[in-house]
Amino acid sequence: MAQQTEQRLTSIFQDVFDDDSLQIRPEMTADDVEDWDSLTHINLITAVEREFKVKFTTSEVTGLKNVGDLIALINKKSA
Amino acid sequence: MSFTSVDFLFFLAIAAFLFRLIPARWPAAYILVASYIFYCASSPRGAIAIALATVFTFASALWSQRLKGSSRATLIVVSSIVLLVAYLMFFKLIVFVPHEGVTSWIVPLGVSYYSFKLISYLLDVYWGKMEAAKRFVPFAAYVAFFPQIVAGPIQRSEDFLSQIGNAGTILPGILRIAWGLAKKLIIADHLAPAVNYVFGHATSIHGGWWIGFYIWPLQLYADFSALTDIAIGAGRLFGVEGPENFNRPFTATTISDYWRRWHMSLTNWLGDYVFTPLRMATRNAGNAGLVASLTINMIAIGLWHGITWGYFLFGVVHALFLSVDALSQRARKRLSKKHPQWEPARDVLGWLLTFHLVCLALVFFRASTVSDALYLIGHAWTHLTFLSDVVQPFGSNSGRIFAIGLACYGLLELCERYRPDRWLAHARVAGPRYLRWSLYASTVLVLAIGFALLLASSGGPKNPFVYAVF
């Protein structure tokens with residue numbers, strides 16, 4: 001499931017950051033992606049919510065440290 | 001006690017020296033006592049205010065954690081934050097009470113900074129990002145930590161508390177402090193007279209408005225980043241590495257890029273505790289939600305400095321710039337992908353535009369009245385007289401002072417581009433203890449002589465730091 005989540009998440013990242021070559025890794029952080037700031041972060045979160053049909057809270061969204069955390073959160077929420 | 005005063009440097013030297021002698025078990029208690037001594041020297045009444053706010057927040061966090069998950073925990077956190085915001089607003093508004101000298105004794109030093117530290121601590125505990133502090137002394141030391149109390153940087157409690165007990169790093173600390181002192185005394189204070197003159201006579205001078213428009217941002221950067229340098233350097237003497245506040249802000253090529261480089265500890269704070277919650281609440285409202293969140297966030301940044309129309313407009317203008325930036329981001333990215341050959345031109349134009357927008361907003365920040373600001377902006381590109389003609393009116397050697405400041409500002413940008421301090425920091429001091437300490441002592445001596453010469457040539461540290469009043 002984690003792998004499938006990662007694949008679906010990759011296409012969300014590519015769409016939000018408008019970069020088809022973008023490949024995500026669990027240890028990736030906002031510093032590794034151009035334009036990933038507090039503004040685009042919420043766009044990303046909204047896109048994830050729509051794709052995976054989940055809802056996040058502010059504390060969950062601010063507590064994420066890297067892409068791995070986001071994958072784990074999505075899996076926990078959609079389990 | 002200004003960071004450039006001999007009193008402060010003397011206090012810092014003694015405090016750092018004694019810090020090396022105290023037993024390893026007591027670093028937090030030592031930092032707490034030193035910080036309150038520093039605080040009392042500036043404002044004894046303010047010390048009572050900060051102590052009360054600290055005890056209140058400490059208790060409130062523990063209480064809300066005990067009731068975790070219940071609606072009562074939410075009630076405690078929300079009402080505590082409302083009280084802390086009211087506490088901050090009280091001191092921000094009291095300056096408007098017409099009373100002779102009221103601000104000098106009633107507004108606690110650094111109230112804008114420590115209130116924000118307390119609010120984010122409560123939210124971090126509430127959101128489960130960290131445990132509430134069980135020991136009062138380290139927590140109180142975090143709130144009152146004297147290197148950061150005057151003007152930040154705003155460090156998060158987790159980051160600070162995890163570093164308590166580290167040994168101080170002397171040489172990197174001293175070098176950073178020296179760098180800050182040089183920026184303040186050689187650059188900011190040499191640019192300040194011309195800038196002050198232009199803003200003080202905005203509607204009565206006959207040229208030189210460009211100084212208010214273009215040079216004031218440079219002065220502010222040299223001044224404010226110097227405060228951060230001294231704060232970070234002083235923190236190192238006590239084993240605490242504070243967060244960086246600036247990353248070459250005037251090299252930004254977009255407004256959002258600028259805000260990732262300017263007063264970063266405040267911008268990150270507002271991003272986490274104001275913008276993100278607002279944006280989460282409005283995330284399904286499309287672009288209107290985005291613009292509303294940005295506007296509230298930027299007005300909060302403006303008003304954090306003080307409740308004036310100038311600060312308000314500073315926030316509004318930046319909200320407008322950032323909204324246009326955010327809404328056009330996708331289109332701009334597509335355009336540059338389509339025409340990669342335009343990239344160099346785009347970067348230069350983006351940099352020029354961003355710098356002008358930043359200058360424009362800062363006029364509102366600095367001008368005494370909104371009409372002065374509008375007048376200055378309207379005349380910024382008129383009567384571009386030569387330097388000597390413009391700066392002559394305010395003193396016989398004012399042209400020379402201004403030129404020194406401006407030339408050294410160029411050096412500052414070069415140093416920040418090539419970072420000679422990095423290779424200095426890597427130069428390890430090997431050898432026996434007496435050799436290391438003689439090196440430290442001679443570094444301090446050379447810097448002290450340089451500092452004394454600077455003070456003598458400039459007639460003493462008479463210019464307070466711009467950001468020391470917030």
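Colleague: At roughly what angle do the axes of helix α2 and helix α7 of chain B cross?

Modeller: This is a predicted model, where local features need pLDDT of at least 70, side-chain atom pairs count only at pLDDT 80 or more, and totals for chains, interfaces and linings use all residues. Residues are numbered from 1 along each chain as its sequence is written, with chains lettered from A and ligands numbered from 1 in the order written. Helices here are DSSP runs of H or I, at least four residues, numbered from the N terminus, and axes are lines fitted to C-alpha atoms over the stretch in contact, with angles from 0 to 180 degrees between N-to-C directions. For α2 (residues 27-42) and α7 (residues 136-144) of chain B, the axes come within 8 Å and cross at roughly 40 degrees.

Colleague: Which residues of α7(B) make the contact with α2(B)?

Modeller: Contact means C-beta atoms, placed from the backbone, within 7 Å. From α2(B) come B:A28, B:A29, B:I31, B:L32, B:S35, B:Y36 and B:Y39. Facing them from α7(B) are B:V137, B:P138, B:A140, B:A141 and B:A144.

Colleague: Is B:A41 buried, exposed or partly exposed?

Modeller: B:A41 lies in helix α2 of chain B. A residue is buried with 20 or more other C-beta atoms within 10 Å of its own, exposed with 12 or fewer, and partly exposed in between. B:A41 has 15 such atoms, so it is partly exposed.

Colleague: Which helix gives the most to the side of chain B that touches chain A?

Modeller: Here 16 residues of chain B are in contact with eleven residues of chain A. On that side of chain B, α13 (264-281) and α15 (309-338) each supply at least two residues. With seven residues, the one giving the most is α13(B).

Note on methods
Contact = placed C-beta atoms within 7 Å.
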